[in-house]
Amino acid sequence: MKRRDFIYLTGMGAAASMIPAIPVIGNPIDPAKALERVDVTLKKRMADVALNAARSKGATYTDVRIGRYLNQFVVTREDKVQNIVNTESYGMGVRVIANGSWGFAATDKTDNDSIAKAAELAVAIAKENSRLLTEPVRLAPQKGYGEVSWKAPIQKNAFEVPMKEKVDLLLGVNSAAMQSGANYITSLLFMVNEQKYFASTDGSYIDQDIHRIWPAFFITKIDATTGKFETRNSLSAPMGMGYEYLDVRPQDKIQSVTTLYKGRYDMLEDAKAGGAQAGEKLKAKSVEAGKYDLILDPSHLWLTIHESTGHPTELDRVLGYEANFAGTSFLTLDKWESKKFNYGSKIVNIVADKTQVGSLGAVGYDDEGVQCGQWDIIKDGILVNYQTIRDQAHILGLNASQGCCYADNWGSVQFQRMPNVSLQPGKDGKSVNDLIKDVEKGIYIIGDGSFSIDQQRYNFQFGGQLFYEIKNGKIAGMLKDVAYQANSQEFWNSCTAIADERDYRLGGAFGDGKGQPPQSNAVSHGSSTARFNGVNVINTARNIG
Amino acid sequence: MAILSKEEAKKILEKVVGFSKADGIEAGLNGGDGGNIRYARNSVSTAGEDSNVSLSVSVNFGKKSGAASINEFDDASLEKVVRRAEELAKLAPENPEFMDPLGPQTYGPEAKTFIESTAKITPEYRAQAAADSINPATKKDITAAGYLEDNRGFNAQMNSKGLFTYNQATGVNFTVTMRTNDGTGSGWVARNFNDVSKLNTAEASQIAIEKALQSRNAKAIEPGKYTVILEPNAASDLLSLMLNFNARQADEGRSFLSKKGGGTKLGEKLVDERVNIYTDPWNEEVPTANQAGGLPRKRMDLIKGGVVSNLFYDRYWAQQKGVEPTPFPGNRIMEGGNASIEDMIKDTKKGVLVTRFWYIRAVDPQTLLYTGLTRDGSFYIENGKIKHPIKNFRFNESPIIMLNNLETLGKQMRVASGGGPGGGGSALIPAMKIRDFTFSSLSDAV
């Protein structure tokens with residue numbers, strides 16, 4: 001891992017603290033270079049050099065990943081373009097099993113000698129690691145697919161869209177927000193193209209082309225008389241799509257207290273609404289702490305699903321591989337073995353999926369050459385499965401991996417990462433209004449905000465972007481200073497209603513962190529709006545003088 | 001190749017600057033070697049090494065700028081990277097906030113940031129360090145999960161105004177979590193040094209083992225306001241979040257340092273008068289480079305006697321405000337006291353000892369309210385003694401409120417600030433006793 005190559009999106013002035021630090025691996029390049037591709041026959045030849053070199057040194061299994069990782073950022077604030085960055089990272093990682101242990105090495109020099117040396121180093125490291133081995137690696141069987149390829153079904157490659165179009169969009173967004181009352185706005189477009197080639201001694205040669213896009217803005221509104229300020233972030237989702245995500249279509253809008261977006265995003269409209277809502281937030285009523293029924297929009301609920309369902313069902317956490325950093329999990333194997341652990345109410349069905357079109361996690365094959373699919377994790381409220389990779393499958397009695405292996409770069413070693421993990425829509429034809437009308441005292445939450453959860457994923461606290469009080473089945477006005485705290489199992493058991501598939505939308509994150517050295521993973525979480533009864537809400541207002 | 005000498009770096013950079021046809025050019029050479037070993041379930045899970053040198057070039061035509069980089073250093077490659085940056089600059093929109101390259105500066109002496117013994121760490125050293133941590137765990141029915149990483153690197157920069165800098169540094173960071181095999185106890189320890197001879201993973205691991213054993217079968221106590229004794233890592237977890245004294249944010253009215261009705265809290269009392277926080281590149285425990293971005297670093301107070309002493313101005317904002325720009329600090333130092341953790345426990349009638357915090361996230365940027373949880377060793381103190389381990393708490397607290405509720409300052413310790421492995425730099429932070437720290441709910445997590 002070349003941490004010195006990380007480019008952090010800092011230096012963006014005041015808004016920087018409101019934007020998560022985004023680590024990007026790569027070197028700045030000419031944007032036109034992003035459209036060039038590496039020939040597949042050349043990649044196959046390089047892969048074979050590594051496979052043969054590792055085998056000759058005693059590896060019993062080898063896989064090779066040749067990756068070209070392209071990123072483009074456009075960052076603006078108010079009427080200025082702050083930063084345009086194009087990065088590229090190209091190289092190869094070789095992973096082997098020798099003496100029953102894993103070994104890994106990587107190189108950005110792609111001549112035959114350097115490739116063979118990397119493969120030999122991986123074998124040497126595996127042999128060194130085997131000195132402290134307690135149990136040899138057991139890989140689930142995997143057939144070779146021969147020479148195959150997969151491409152994300154995008155309509156418009158974001159790297160081909162002229163820079164002027166992107167800059168004009170963002171400056172237009174900023175202007176719309178300022179006109180509707182914002183004092184400050186930072187907006188950005190973050191685009192990713194992963195060109196990945198995988199080969200293994202199982203006989204697979206897999207070429208894949210993956211695209212992701214994240215348009216976002218961060219608005220601040222200041223009340224000069226009180227000195228208070230409020231923020232409103234965009235309601236977009238990062239998506240596994242091309243630039244078509246920004247092509248506005250009326251059928252992809254959902255009219256609620258604010259416009260919500262499904263599959264396409266109207267950034268201008270959202271910025272205009274955001275400028276006004278930041279002002280409304282300043283004048284909103286501060287919430288009274290207590291128990292409320294919560295109506296959670298998918299633009300908010302994705303993050304709760306991610307933290308309280310996605311992470312605790314990662315098998316590497318359950319087994320203790322993340323004990324020193326990300327943590328372990330309350331969903332221990334005995335709970336799964338009992339086949340009756342009540343993770344949630346009977347209407348809670350959670351599905352893991354690596355194939356969902358437009359999602360961040362969608363690929364044809366994972367980073368150890370396993371064809372991807374979908375499977376139940378929570379079925380009718382009961383824990384039924386986890387997320388696994390090839391060297392874990394035997395622990396669950398599975399004879400195949402679930403395809404959850406991922407590395408964020410050619411220079412990072414692949415390990416178990418979260419697939420898309422989504423709450424299935426309700427089956428009883430309910431609309432969002434049906435959910436709201438039964439609530440006496442509640443809060444409707446839209447957009448993601450502050451988030452925190454313990455290392456075994458029991459206790460969490462979430463904020464949001466927009467909070468609306470519900471009184472006797474009706475929206476009664478905006479609230480502020482809202483955060484809710486719950487225990488994962490109690491929370492999912494308090495789920496009393498889920499809107500149907502008409503409301504189903506994806507949310508997600510580009511930079512889910514795990515591992516040491518840390519790696520980031522992009523993952524989506526879908527849901528329809530859902531209701532949770534009697535959740536503890538705290539008031540977050542404080543005074544520091 | 002990974003670590004170039006000052007002369008080697010200068011020679012390459014002079015060529016690069018010489019190739020430029022732009023109005024201005026800034027070139028940076030960074031490189032180094034690093035290694036790591038990770039273990040879990042009492043066995044090594046991954047280990048690796050990397051080596052890298054790269055050249056980044058930024059050029060400008062007026063207020064249009066472009067950047068490019070490369071990892072090849074023959075003359076043709078050096079010229080190519082300059083031309084590529086020039087092409088990008090010509091295509092870029094004007095940035096009204098662009099600042100011309102900085103002229104030559106005068107720097108203080110080089111701090112002792114590069115330690116030969118750290119630069120010479122081998123894969124065998126790392127494997128032994130892991131074994132020294134795993135072996136005592138297995139003897140006590142405990143499972144170890146840990147991570148050690150080390151690096152040795154250099155950076156050099158030169159620009160068309162004649163500025164040149166060169167620095168070298170080494171570092172090593174070690175963390176381990178020890179969990180009892182019955183799943184009821186967990187302990188953690190962290191060590192961060194420039195000089196690996198100060199690192200003893202066996203000694204550090206023993207502390208985490210003891211904490212794991214002592215924290216078994218924790219009891220729940222009611223959430224609420226408690227006196228807490230924060231070990232240096234726990235204190236630093238929260239302090240590091242408040243020390244971004246960004247002047248522009250404060251001036252714009254969207255910072256905890258903004259004042260009602262306009263202006264900033266510069267020169268105003270923010271926290272208890274015993275709080276003194278500063279940066280000093282020449283501190284022997286946490287030495288850092290003598291410059292940042294070409295600006296000379298010097299000892300600078302952030303908080304003196306509880307008063308906000310300085311804010312950070314980047315070059316653009318400094319020009320707007322007619323003040324000197326502030327180099328970004330490489331370390332943070334908070335003055336401590338003489339009390340040991342044991343002394344502070346003895347003086348506590350009722351309180352909580354916190355080893356570390358976890359998953360801290362901002363709740364409100366206006367008040368710097370943060371939420372997070374205790375982890376890996378939380379203990380209830382009664383009448384001057386540790387009474388029993390307690391279940392972990394979620395807190396909702398602001399470091400500003402916390403430093404106003406200061407009771408006692410303890411001894412300083414070097415920590416990796418920023419929490420994660422490798423962290424966001426190093427800090428020298430004391431243990432501290434704080435009254436009325438707000439724990440808002442209980443967690444079942446061990």
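In the predicted model, the C-alpha centres of domain 1 and domain 3 of chain B are separated by 25 Å. Chain B is divided into domain 1 (6–212), domain 2 (215–239 + 336–442) and domain 3 (247–329), with bounds taken from an automatic or database domain assignment. Residues are numbered from 1 along each chain as its sequence is written, and chains are lettered from A in the order in which they are written. Local features need pLDDT of at least 70, side-chain atom pairs count only at pLDDT 80 or more, totals for chains, interfaces and linings use all residues, and side-chain values use heavy atoms, without hydrogens and water.

Domain 1 of chain B and domain 3 of chain B bury about 1,600 Å² between them, 52% of it on carbon and sulfur atoms; buried area is the accessible area (1.4 Å probe) that two parts lose on being put together, summed over both. Of the area that domain 1 of chain B buries against domain 3 of chain B, 33% is supplied by B:Glu97, B:Met99 and B:Leu102, more than by any other three residues. The interface of these two domains holds 1 salt bridge, defined as a side-chain nitrogen of Lys or Arg within 4 Å of a carboxyl oxygen of Asp or Glu. B:Glu97 also forms a salt bridge with B:Arg248, at 2.8 Å from N to O.

Over all chains, the structure holds 32 aromatic pairs. Rings of Phe, Tyr and Trp (its six-membered ring) pair if their centres lie within 6.5 Å, and planes under 30 degrees apart count as stacked, over 60 as edge-to-face and the rest as tilted. A:Trp214 and A:Phe510 form a tilted pair, 6.0 Å centre to centre with 50° between the planes. A:Trp214 lies in strand E7 (residues 204–223) of chain A and A:Phe510 in strand E26 (residues 505–514) of chain A, so the pair ties together parts 296 residues apart in sequence; strands (E, at least two residues) are DSSP runs, numbered from the N terminus. A:Trp214 is buried at 14% relative accessible area, and A:Phe510 is buried at 12%, where buried means under 20%, exposed over 50% and partly exposed in between (1.4 Å probe, protein chains only).

In chain A, ring pairs also link A:Tyr343, A:Phe460, A:Phe462, A:Tyr484, A:Phe491, A:Trp492 and A:Phe532 into a cluster. A:Arg95 lies over the face of A:Trp102, 3.9 Å from the ring centre, and the charged end of A:Lys441 sits over the ring of A:Tyr292, 4.4 Å from its centre. The criterion is NZ of Lys or CZ of Arg within 6 Å of the ring centre and within 35 degrees of the ring normal.

Technical notes
Helices (H or I, at least four residues) and strands (E, at least two) are DSSP runs, numbered from the N terminus.
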